[in-house]
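Here is my note on the structure you asked me to look over. Please read it with the coordinates open.

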Amino acid sequence: MKISDAILGALIALLGAVTLWHVRSFPPIPGQNFGAALFPGVVAAGLLLCGLLLAARGVVTMAHGARAVALDPWVRNPLTVLRFASVPAGLLFYVLASGVLGFHVAAGLAMLAWLLLFGVRLLPAVAMAIGFPVLMHLAFYKLLRVPLPWGVLERIVFP
Amino acid sequence: MTADVLAQAFALVLDPHVIVVVVMSALFGLFVGAVPGLTATMATALLVPATFFMPPIPAIASMVTATAMAIFAGDIPSCLLRIPGTPASAAYTDEAYALTRKGQGELSLGCSLVFSVIGGLFGTAVLIAAAPVLAEFALRFSSFEYFWLTLVGLSCAVFIATGDKLKGLISLLIGLLVASVGLDNPAAYPRFTFGLTELMGGAELIPIMVGMFAVSEVMRSTITVDAPLETAQTSIGNVFRGMWRLCKRYPVQTLRGSVLGTAVGALPGAGADIAAWMSYGMSKRFSREPEKFGTGHVEGIVEAGASNNSALAGAWIPAMVFGIPGDSITAIVIGVLYMKNLNPGPTLFLNNAPSVYAVFLLFILANLLLLPLGWAAIKGYKQILRLPRRALLPCILVFCILGAFAINNSVVGIAMMLGFGVLAWLMEENGFPVAPAILGMVLGTLLEEHFVTSMIKAEGRVSAFFERPIAGTLGVLMIGLIVLPAVLRLFRYWRVRTG
């Protein structure tokens, strides 16, 4: 997905401007006339300037006929789009659901969805979606002592 | 270096635990490198969660070995499938594939393997020779010198290593902005934390890097998951045949590739991939038979193959001596070094000399191991190809989740990984290089700290930044780096205008 430099530049300049406005509230170091705002302030000013330059460059190329947003050919294939979107969607699902469902269920469900979407047949997909989280549980929870959340399984495992 | 230190280093490296880790990470690195779409940087990022629970030396061993293996293994699909396994192989993929199509797959693969080892060992030799000398020199540095050095490093990443300088600069600024999140600033004021306690300590780098290098890569791979992988040559004979002849025929090319690779590796922001492109270009430029390039000519593979492996060791020079990563792999490694209390910097060479020499030994070991294990990977490549990518990608994603979670046992890490993964994908789609952003994130805190410390020492006088001899030189160099290209451009413009 190619977004025009005009749009990206404007967004970056906006980020710079908002940051610049926000850092004004940061306090100085006692006894100095600069402080927490100096460094992010300089960076934000840089972003504002570079964003404007990029936007200007983008406006020129758009005047020569460049599109605002150019999509790649794969976007025409719905399955590919679904596969692509499933990566951030699955991770977002895990972020939101793992607290309640726990690692094993949430990761297993996300994995099952990914495997089926990527074209693995049902039976091997189910086997992997159960097996791999269990394997990771053994490696991370048992061996490396990472406190993976149990979620809904807590009452079953620790009755 | 005393014999005592060397003996301690040998004891550290020859520990059975370390050897097991080296062999396992070698296999892991070969696998990741050989699967198209998975990069050496991704291998390093995926190793991080495993290193949390290792002592320092095995942790470093795993990264050194895995990356050396992955950069070579990236050549295997280049030769056989015309798909670079890692970006570092992309420069000579067409050349290597053309050679295979001519029925000389053995030559193509053997050349990649042997000259990878030679380049890797050369880079290691330079690392061993240069790092301690530079460290002794760096002991005299104060915050002024470090400020300039960090700034020169960051500028290199933008002005030398990237095609579109404006986009490179924006990428760097985004990295620096991310680095200013949290309490870790001279005023100890919580900046940009959005009320989240998890962000008080700053934006955690490991989940960000896993996102930027692994999640974004998986997103890209989903598009091609159906593409069939068929090798151009089914059976591979003796890959070592004719290698000695090549060594005798192309000594200058080998040396030039290794030297350029080490130098490019040592420059912050530019790594193995850029080294390979530059060396391939240089090889063609100085070749006696430039017309043969692109038709399956081995000369460019010799030079660029040596170059990308030597860049790996080169990148460790600034990383160990100054804490400034030479490429995105060492950016991750530096995070791990801090975690293991092996804070990079010149004092590392004084206080922890055995560990430093252990790193050197590990580089030698990894490069020597590359010969037999690389050979085995070539032989077993058909088996690697048989592993379906469609099943592999979900496993990588779950592994990413675990890695991002395990650093703080918090789901915020996974959210950060997701956010930066999507950001990195968008950036690369639109021609923004990712490496400057990573460098900005790693070095932003240091840059600010050195700047503010220097300002307080100098009581606000900017001229103090140029008063010490080394700092002054670096400062002038830095200004020259920015001003010179602009002046040159103006001069050229003026010459064109005046005819």
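Predicted model: local features only at pLDDT ≥ 70, side-chain atom pairs only at ≥ 80, totals over all residues.

The points below cover aromatic pairs, charges over rings, domains and backbone angles.

1. A search of the whole structure, over all chains, gives 22 aromatic pairs. Two of them are taken up below.

2. The pair across chains. A:Phe140 and B:Phe399 make an edge-to-face pair. A:Phe140 has a relative accessible area of 3%, so it counts as buried, the cut-off being under 20%.

3. A pair within chain B. B:Phe144 and B:Phe465 have ring centres 5.4 Å apart. Their planes stand at 85°; edge-to-face requires over 60, so the pair qualifies. The partners come from distant parts of the chain, 321 residues apart. B:Phe144 is in helix 8 (residues 143-159) of chain B. B:Phe465 is in the loop between helix 21 (435-457) and helix 22 (469-498) of chain B. Both B:Phe144 and B:Phe465 are buried.

4. Charges over rings. B:Lys167 lies over the face of B:Phe432, at 5.1 Å from the ring centre. B:Arg285 places its charged end over the ring of B:Phe286, at 5.4 Å from the centre.

5. Domains of chain A. Chain A splits into domain 1 (2-70) and domain 2 (76-157). Taken over C-alpha atoms, the centres of domain 1 and domain 2 of chain A are 38 Å apart.

6. Positive phi at B:Phe194. This residue is not a glycine, yet B:Phe194 has a positive phi of about 50°. B:Phe194 sits in the loop between helix 9 (165-179) and helix 10 (205-223) of chain B. Is B:Phe194 buried or exposed? Its relative accessible area is 72%, and the cut-off for exposed is over 50%, so B:Phe194 is exposed.

7. Positive phi at B:Asn341. B:Asn341 also is not a glycine and has a positive phi, of about 60°. B:Asn341 lies in the loop between helix 15 (328-339) and helix 16 (346-351) of chain B. B:Asn341 is exposed, with a relative accessible area of 65%.

How values were computed. Residues numbered from 1 in each chain as written. Chains lettered and ligands numbered in written order. Heavy atoms only, no water. Phe/Tyr/Trp six-rings, centres within 6.5 Å; stacked < 30°, edge-to-face > 60°. Buried < 20%, exposed > 50% of the residue type's maximum accessible area, 1.4 Å probe, protein only. Helix = DSSP H or I, 4+ residues; strand = E, 2+ residues; numbered from the N terminus. Lys NZ or Arg CZ within 6 Å of the ring centre and 35° of its normal. Domains from an automatic or database assignment.
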